[in-house]
Amino acid sequence: MRESDWSSDVCSSDLFPSHDIEGGLLYLTEEQSINGIELGQLLSRSGVKLAVFNACWGAQPAVYHKAIPTSSLAEVLICHGVPAVLAMRDEIADQESRSFIQEFAQALRMGEAIDAAVAVARQKLLAIYKFNQPAWTLPVLYLHQIFQVS
């Protein structure tokens, strides 16, 4: 992925996972929110190649054994055509999250493919926080099977 292919624009918002098939709610303001389906459609129509959610639980695994199946935000975005989604599968400390994103962004700037950049950033978390901290296991990269992202 070339630097010209991606934007480092940052949008601050709050993500609240929910127990439904819509992937939770993303609050843009106190009064304005969109669900995962709406966000997936918006990002897909806008041509976004990689969505990064540096918030807790954006990649929390789906639960299918319930009466109403649940999906993570990442899964919903992939199902709606976003080629790649990077999100956290559980709660992550702010400093760990910042360390990961800084290393991930640096690897992308150096020309690494998305999956390789995730691996580099995970290795950095492992080096910083060691094996006794699960931080390096939290970032999850979802890639849509019909898209070739490099």
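**Close-up views of a predicted model**

**View 1. Strand 5 and strand 6 are joined by five bridges and run antiparallel.** Strands and helices are DSSP runs, numbered from the N terminus, with at least two residues (E) for a strand and at least four (H or I) for a helix, and two strands count as paired if DSSP finds at least two bridges between them. Within this pairing, leucine 86 has leucine 141 of strand 6 as its bridge partner. The model shown is predicted, so local features need pLDDT of at least 70 and side-chain atom pairs count only at pLDDT 80 or more, whereas totals for chains, interfaces and linings use all residues. Residues are numbered from 1 along each chain as its sequence is written, and side-chain values use heavy atoms, with hydrogens and water left out.

**View 2. Three strands form an open sheet of mixed pairing, in the order 4-5-6.** Strand 4 and strand 6 (139-143) stand at the edges with a single partner strand each, so one side of each has no neighbour in the sheet. Neighbouring strands are turned against each other by 15° on average, direction ignored, where axes are lines fitted to C-alpha atoms, for helices over the stretch in contact, and angles run from 0 to 180 degrees between N-to-C directions. Strand 4 pairs with strand 5 in the parallel sense over four bridges; leucine 50 stands opposite alanine 84 in strand 5, and valine 52 has leucine 86 as its bridge partner in that strand. Helix 3 packs on the sheet, touching strand 4, strand 5 and strand 6 (contact means heavy atoms within 4.5 Å), and its direction makes about 160° with that of strand 4. Helix 4 also packs on the sheet and touches strand 4, strand 5 and strand 6, its direction making about 170° with that of strand 6.

**View 3. Strand 5 is covered on both faces.** On one side lie Ala84, Leu86 and Met88 and on the other Val85 and Ala87, all of them buried, a term that stands for under 20% relative accessible area, computed with a 1.4 Å probe on protein chains only. Because five of the five residues of strand 5 are buried, this strand is largely enclosed by the rest of the structure.

**View 4. The largest nonpolar core has 17 residues.** Such a core is a set of buried Ala, Val, Leu, Ile, Met, Phe, Trp, Tyr and Cys residues joined through side-chain atoms within 4.5 Å. The residues with the most contacts inside it are Leu50, Leu86, Phe100, Phe104, Leu108 and Ile114. Two or more residues each come from strand 5 (84-88), helix 3 (94-109) and helix 4 (114-129), and helix 4 gives the most, with six residues. A second, separate core of 14 residues includes Ala51, Phe53, Leu73 and Val82.

**View 5. The buried residues of helix 1 (residues 36-45) are Gly36, Leu39, Gly40 and Leu43.** These residues lie on the same side of helix 1, because they cover an arc of only 100° around the axis, the arc being that of the directions from the helix axis to the C-beta atoms. Their cover includes strand 2 (25-27), strand 3 (33-35), strand 4 (50-53) and helix 2 (73-79). Asparagine 35 caps the N-terminal end of helix 1, with a side-chain oxygen 2.9 Å from the backbone nitrogen of isoleucine 37; polar contacts are pairs of N or O atoms within 3.5 Å, and within protein one atom must be able to donate a hydrogen and the other to accept it, while residues adjacent in sequence count only if both atoms are side-chain atoms. Just after helix 1, glycine 47 takes a positive phi of about 80°.

Terms used: Buried means under 20% relative accessible area, exposed over 50%, partly exposed in between (1.4 Å probe, protein chains only).
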